[in-house]
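Please look over the sequence and the coordinates below before reading on. The paragraphs that follow take up the aromatic residues, then a sheet and its helix, and lastly the confidence of the model.

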Amino acid sequence: MGTYLILVCLLSVCSFSFTQECNRELSLNVEFQGPHTTFVYSPDAKHCQYVCTEEPSCLFFTFIQQASSTNDRRRFYCYLKSTPSGSPEAQKPHQGVTSGFSLKSCSPETRPCLSQVYHGLNMIGDDYQTLFTADYTECQRVCTNDPACHFFTFVDGTLASVGFRYKCHLRLLWEVQSPIELQKRFGVVSGFSNKNEMFQRQFDTACQEKLFPNSDIAGRYLLHYPAVSPENCQALCSAHPACTFFTFDSESLTCYLKSNRDEMVISNKEGVTSGMPARFCQPNDHWLKVSYEGIDFFGPHIRYELMDDAETCKRTCNEDANCQFYTYVSESFRSAMYSRRCYLRRVSILNIPSDVKSLPGVVSGFNKRSCVSRAPPTNTRTDIRTK
């Protein structure tokens with residue numbers, strides 16, 4: 001599952017409120033010290049800065065292109081960091097790293113333009129399609145015009161293996177705004193935000209849903225993911241471009257996405273429900289609006305607040321633009337110290353590779369769907385300084 005879903009954990013404290021000058025400056029060979037929420041893989045410091053900008057809790061970052069110590073194997077690590085003041089606790093000289101600040105206070109951009117390509121880097125993700133192109137610019141153009149493609153890796157004409165030359169790998173980052181784990185737990189109530197973007201597609205025609213109770217469908221396994229119902233599982237299958245059918249296990253609350261474009265073979269199996277994705281129609285979203293007692297929607301939380309009931313928690317999540325799902329801990333929970341807590345939670349769906357590796361003979365990059373003509377920023381610092 002982790003190969004397909006790239007998660008960025010959010011800081012588990014209250015949101016900060018302060019005014020900060022727009023600062024695009026990158027500091028070479030300087031580490032910004034402070035607690036980090038998590039790390040992700042980035043091909044360069046600018047991408048790391050954009051990731052920090054998109055994450056609500058990240059205020060500054062440190063990017064490690066290559067660790068200076070032979071015992072430290074970290075490469076292309078992007079550490080997302082935060083402090084209550086919004087500034088690093090200290091700035092320490094550190095060879096081989098680059099640090100900078102979030103661009104949240106700069107002119108807003110809906111999505112960053114990631115037009116840079118990276119020679120000799122393999123950005124790893126889910127290969128959902130491969131084809132042959134004349135060069136990497138055509139490969140990037142194909143990726144840009146394919147809605148499912150987030151980034152690509154192109155094998156140029158210098159690779160030793162002749163049969164793989166000029167191969168364009170279109171790669172997917174599955175955009176799922178959903179819990180990373182479901183746990184059955186007495187004394188909790190969970191649910192989704194009504195604004196969950198993944199399931200808000202609007203079509204005039206209602207779906208004629210076809211589910212097969214107590215049935216399994218054989219097929220090539222794509223991945224599995226937590227789900228609360230067969231309808232939730234169907235929505236996950238509908239969001240994956242390679243999914244042709246699914247199987248939902250009600251005991252483990254697991255959704256198995258599968259693919260077989262040639263045939264659909266159904267067999268009897270107790271406790272599971274199978275079905276097909278919904279295509280270009282409006283599915284039943286009742287499962288998205290109800291609350292689930294006894295199930296903990298586990299995931300990185302933006303913050304928690306003390307509240308008197310689950311309905312207030314749900315309403316708070318719906319009113320918070322960053323909240324994707326929530327869990328409320330009632331007074332009947334086994335540990336009193338957690339009772340009345342409302343956890344507002346979120347996962348990231350940014351263009352973040354699951355790994356970045358050096359590999360001669362390849363070129364990688366992102367789609368350019370967000371690239372539009374923009375006026376150059378004014379009244380901001382854009383220099384790069386060193387220590």
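Across this structure, which is a predicted model, there are 17 aromatic pairs. One of them brings together Phe39 and Tyr79, whose ring centres lie 5.9 Å apart and whose planes meet at 50°, so the pair is tilted.

Elsewhere, ring pairs join Phe192, Trp287, Tyr292, Phe297 and Phe325 into a cluster. An aromatic ring also meets a charge in this model: the charged end of Arg341 sits over the ring of Tyr304, at 4.2 Å from the ring centre.

From the side chains we can turn to the secondary structure, for which the protein chain has 5 helices and 21 strands. Among the strands, five are arranged as an open sheet in the order S11-S15-S13-S14-S12, and their pairing is antiparallel. Strand S11 (211-218) and strand S12 (220-226) stand at the edges of this sheet, and because each has a single partner strand, one side of each is left without a neighbour in the sheet. From one strand to the next, the twist averages 30°. Within the sheet, strand S13 (residues 245-249) and strand S15 (residues 265-275) run antiparallel and are joined by 4 bridges, and Phe248 stands opposite Thr273 in S15.

Helix H3 packs on this sheet, where it touches S11, S12, S13, strand S14 (254-259) and S15, and the direction of H3 makes about 145° with that of S13. How many of the 10 residues of H3 are buried? The helix, which spans residues 230-239, is mostly covered, with 8 of its 10 residues buried; these are Pro230, Asn232, Cys233, Gln234, Ala235, Leu236, Cys237 and Ser238.

For the protein chain as a whole, 51% of the 387 residues count as buried. Of the contacts between residues at least 6 apart in sequence, 76% join residues at least 24 apart.

The protein chain averages a pLDDT of 84, and 85% of the residues score at least 70. Over residues 1-19, however, pLDDT stays under 50, although the model has 61 contacts beyond four places in sequence for this stretch. Over residues 374-387 pLDDT likewise stays under 50, and there the model has 27 contacts beyond four places in sequence. Where pLDDT is low, the predicted coordinates should not be read in detail.

Technical notes: Residues are numbered from 1 along each chain as its sequence is written. This is a predicted model: local features need pLDDT of at least 70, side-chain atom pairs count only at pLDDT 80 or more; totals for chains, interfaces and linings use all residues. Side-chain values use heavy atoms; hydrogens and water are left out. Buried means under 20% relative accessible area, exposed over 50%, partly exposed in between (1.4 Å probe, protein chains only). Helices (H or I, at least four residues) and strands (E, at least two) are DSSP runs, numbered from the N terminus. Two strands pair if DSSP finds at least two bridges between them. Axes are lines fitted to C-alpha atoms, for helices over the stretch in contact, and angles run from 0 to 180 degrees between N-to-C directions. Contact means heavy atoms within 4.5 Å. pLDDT is the predictor's confidence in each residue, from 0 to 100. Rings of Phe, Tyr and Trp (its six-membered ring) pair if their centres lie within 6.5 Å; planes under 30 degrees apart count as stacked, over 60 as edge-to-face and the rest as tilted. A charge sits over a ring if NZ of Lys or CZ of Arg is within 6 Å of the ring centre and within 35 degrees of the ring normal.
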